[in-house]
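Here's a quick briefing to read alongside the model. Have the sequence and the 3D view open as you go.

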There are 2 protein chains.
Amino acid sequence: MEKQKNSAKQRILRSAVKEFADHGFWGARASRIAKGAGINKAMIFYYFSSKENLYRVIIEDTVKDLIEEVQKSMAKSDDPEKLFEILPEVYIRFFSKNEFMAKIIIHDLVQNPDHISNIIGQLFEKTPYKPQKIFQEMVHKWHKKGLLAESDPVHVILNIIPPSLFCFIGLPMVEAVLERKIKVDDKFIDERIKSVVNLIKRGMLK
Amino acid sequence: MEKQKNSAKQRILRSAVKEFADHGFWGARASRIAKGAGINKAMIFYYFSSKENLYRVIIEDTVKDLIEEVQKSMAKSDDPEKLFEILPEVYIRFFSKNEFMAKIIIHDLVQNPDHISNIIGQLFEKTPYKPQKIFQEMVHKWHKKGLLAESDPVHVILNIIPPSLFCFIGLPMVEAVLERKIKVDDKFIDERIKSVVNLIKRGMLK
DNA sequence: CAATAAATTAACCAAAAGGTTAAACCAAAT
DNA sequence: ATTTGGTTTAACCTTTTGGTTAATTTATTG
């Protein structure tokens with residue numbers, strides 16, 4: 001019953017996601033969230049008790065969704081070639097489905113580095129299945145087998161996620177540098193996925 | 001005379017850079033900037049007239065410094081191999097010199113996409129030397145010659161800058177995922193540069 | 001239908017924020 | 001010594017903000 005797509009609570013959430021994405025936690029205004037949701041400002045505090053809590057709910061939901069999706073697709077692939085084909089697609093499709101989420105995560109990461117870390121830590125504590133250990137062991141094993149050129153899991157991650165994530169926030173800068181408008185449509189998304197897959201497969205596989 | 005390293009004006013600037021990096025424009029507090037600089041709050045408005053203007057000055061200086069450094073090193077290299085060796089080094093060393101700059105640029109990019117674009121646009125208008133045209137022509141030429149696997153300049157940029165920039169803001173997330181602390185010392189910086197150079201050379205050169 | 005619970009609103013509030021001001025301070029020039 | 005100009009300060013002001021409240025409307029249920 002709770003999940004009515006147009007309940008006041010849901011409308012607040014949707015409006016807040018946009019507000020936090022555009023302005024960050026400190027720039028977000030309760031009054032604007034209310035106006036965007038078409039409800040009275042007091043409703044925000046009625047349902048979420050504080051701006052901070054509303055923010056927490058949104059971040060936690062977002063991160064949880066993302067982690068779940070990544071886990072699902074990681075479980076399917078146990079060779080590096082397949083993994084490197086799947087990961088960019090997962091990240092890029094996830095963030096293109098809702099560009100606000102990329103912005104919110106980046107905001108939170110810069111303003112409050114420990115916050116997302118804690119959420120991830122808590123999520124991992126609950127699962128018996130430990131994706132972080134599995135990933136590290138995978139990288140180690142593949143490197144030993146001579147399949148992987150890059151041996152450090154830290155750099156493997158830093159080579160995969162940023163090229164996938166950054167196009168959703170860095171594009172204006174690229175446009176300015178190249179003096180050209182770039183439309184983020186399905187074609188661009190497909191091209192970006194192809195380019196990243198190519199980059200990390202050729203760049204890190206042997 | 002103006003450039004005394006400990007003049008009130010300089011102290012305000014240094015304190016403000018840290019404040020804007022940690023909290024973004026909307027989270028930054030004039031009172032905290034004043035306390036950090038060890039001066040009276042009114043001095044901020046005496047020298048910079050408004051918070052917004054102080055912010056503008058900082059962003060413009062930062063972006064100008066970065067662009068200048070990139071231009072310098074781009075002028076030196078006219079084959080893709082050399083360029084792909086130099087660019088990650090420039091970006092990573094620039095941001096590691098002062099991690100605040102990475103955060104400030106990211107903040108501004110997310111909250112105010114047109115802002116940095118405009119600054120870059122203005123900078124390029126003044127120079128007779130047009131780096132954006134040169135870069136596009138380079139990529140086009142190299143791709144034709146069969147030296148480059150990636151033909152689109154947009155994706156070339158999106159494959160180079162994010163892996164270089166993101167480690168300065170995304171590391172807490174990586175730490176959480178891998179359940180491991182990562183020290184950002186000179187050794188790590190060197191390794192990151194090597195990894196990115198490897199990634200983009202193998203990933204995009206033929 | 002009556003009574004109770006949930007949802008919604010307008011009006012209000014205290015705290016905090018950016019910004020102003022007028023007076024004091026201080027160094028150099030006359 | 002006095003004037004002059006730039007610095008610096010404490011006290012103050014205005015607006016905006018997240019958050020509250022008490023009253024009202026709407027839905028639920030016995």
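**How the two chains relate**

**Ground rules**

- Residues count from 1 along each chain as its sequence is written, while chains are lettered from A and ligands numbered from 1 in the order in which they are written.
- As this is a prediction, local features need pLDDT of at least 70 and side-chain atom pairs count only at pLDDT 80 or more, but totals for chains, interfaces and linings use all residues.

**Confidence**

- Chain A has a mean pLDDT of 91, with 98% of its residues at 70 or more (pLDDT is the predictor's confidence in each residue, from 0 to 100).

**Where A meets B**

- On each side, 51 residues are in contact with the other chain (contact means C-beta atoms, placed from the backbone, within 7 Å).
- Helix 10 (167-178) of chain A is one of the elements supplying at least two residues to the side that touches chain B, and helix 10 gives the most, ten residues.
- By class, that side of chain A has 28 nonpolar, 15 polar and eight charged residues (nonpolar: Ala, Val, Leu, Ile, Met, Phe, Trp, Tyr, Cys and Pro; charged: Asp, Glu, Lys and Arg; polar: the others, Gly among them).
- The copies meet through the same surface, because 100% of the interface residues of chain A are also interface residues in chain B.

**Around DNA strand C**

- Of the 15 residues around DNA strand C, the nearest are Ala8(A), Asn40(A), Ala42(A), Ala30(B) and Lys51(B) (near means a C-beta atom, placed from the backbone, within 6 Å).
- Helix 3 of chain A has the largest share of this surface, three residues.
- Nine of the residues near DNA strand C are nonpolar, three polar and three charged.

Key
Helices (H or I, at least four residues) and strands (E, at least two) are DSSP runs, numbered from the N terminus. Two residues are in contact if their C-beta atoms, placed from the backbone, lie within 7 Å.
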